[in-house]
Amino acid sequence: MSTRLKFTSAILAILVFAGLSGCKPKTKNTPAVVRVARNLSSPYGSEMDRRIVEFQISNPRLPSGKPIVIETVTSDYHDLLQNHLGKADVVILDAPADAELNPALQADMAHAVNICSAVKACPAEVPALIPSSGSPDRKEAAQKFLDALQKQP
């Protein structure tokens with residue numbers, strides 16, 4: 001009887017240990033959200049929508065493994081450029097002249113890239129840039145998005 005009790009205790013201990021070792025909390029892999037400021041009613045707005053969807057379905061990730069999610073900042077385009085750029089990680093302008101609406105944008109235009117081929121708007125110039133403010137993770141994610149936009153569709 002005592003042998004049977006020891007055997008049952010040993011089995012129970014093994015089951016408890018095995019059960020508890022599988023209950024490790026999983027680390028949350030919160031996505032790096034890239035907020036994009038753009039004109040939703042621009043002539044190439046639907047093409048930009050398609051490019052964003054293409055980017056998202058490619059399952060983009062940072063080197064750390066964090067997923068990248070694109071979110072469009074919605075507001076009136078001119079109001080957005082003048083008053084709400086602090087919310088944006090990427091700014092896509094309809095034309096270079098639109099940067100005149102915001103002094104901070106004008107300063108960052110030196111780093112703008114032309115994504116006209118991405119939105120099939122060539123020979124028009126479609127500048128896209130990453131404002132100088134923002135966290136390193138979001139800047140890295142924003143750069144991956146801009147790199148994807150510079151490639152031919």
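Mentor: Buried residues account for 33% of the 153 residues in the chain. The model is a predicted one. Its accessible surface is about 9,300 Å², and carbon and sulfur atoms hold 59% of that area. The chain has five helices and five strands, which follow one another from the N terminus as α-β-α-β-α-β-α-β-β-α. Of the contacts between residues at least 6 apart in sequence, 65% link residues at least 24 apart.

Now the helix pair. Two packed helices are described by the angle between their axes and the distance between the axes. For α2 and α5 (residues 136–150), the angle is about 120° and the axes lie 11 Å apart. Angles of 65 to 115 degrees count as roughly perpendicular and those over 145 as roughly antiparallel, so α2 and α5 are classed as oblique to each other. The crossing of α2 past α5 is right-handed. On the α2 side, the residues in contact are Met48, Arg51, Ile52 and Phe55; on the α5 side, they are Lys144, Phe145, Ala148 and Leu149.

Next, the loop residue. Arg38 sits in the loop between β1 (32–37) and α2 (45–57). Its relative accessibility is 5%, and Arg38 is therefore counted as buried, because the cut-off for that class is under 20%. The side chain of Arg38 makes a polar contact with the side chain of Asp49, at 2.3 Å. Setting aside residues up to four places away in sequence, Arg38 touches Gly45, Met48, Asp49 and Ile52, and also Thr72, Tyr77, Leu80 and Ile92.

For contrast, consider a residue in another loop. Glu125 lies between β4 (113–114) and β5 (127–129). With a relative accessibility of 44%, Glu125 counts as partly exposed, because that class runs between 20% and 50%. Leaving out neighbours within four places in sequence, Glu125 is in contact with Asp94, Ala95, Pro96 and Asn114. One of these, Asp94, is 31 residues from Glu125 along the chain, and the C-alpha atoms of the two are 8.1 Å apart.

Technical notes
Residues are numbered from 1 along each chain as its sequence is written. This is a predicted model: local features need pLDDT of at least 70, side-chain atom pairs count only at pLDDT 80 or more; totals for chains, interfaces and linings use all residues. Side-chain values use heavy atoms; hydrogens and water are left out. Helices (H or I, at least four residues) and strands (E, at least two) are DSSP runs, numbered from the N terminus. Buried means under 20% relative accessible area, exposed over 50%, partly exposed in between (1.4 Å probe, protein chains only). Contact means heavy atoms within 4.5 Å. Accessible areas come from the Shrake-Rupley method with a 1.4 Å probe; for residues, only the protein chains shown count as cover. A polar contact is a pair of N or O atoms within 3.5 Å; within protein, one must be able to donate a hydrogen and the other to accept it, and residues adjacent in sequence count only if both atoms are side-chain atoms. Axes are lines fitted to C-alpha atoms, for helices over the stretch in contact, and angles run from 0 to 180 degrees between N-to-C directions. Angles under 35 degrees count as roughly parallel, over 145 as roughly antiparallel, 65 to 115 as roughly perpendicular and the rest as oblique. A crossing is left-handed if the near helix is turned anticlockwise from the far one by less than a right angle, and right-handed if clockwise.
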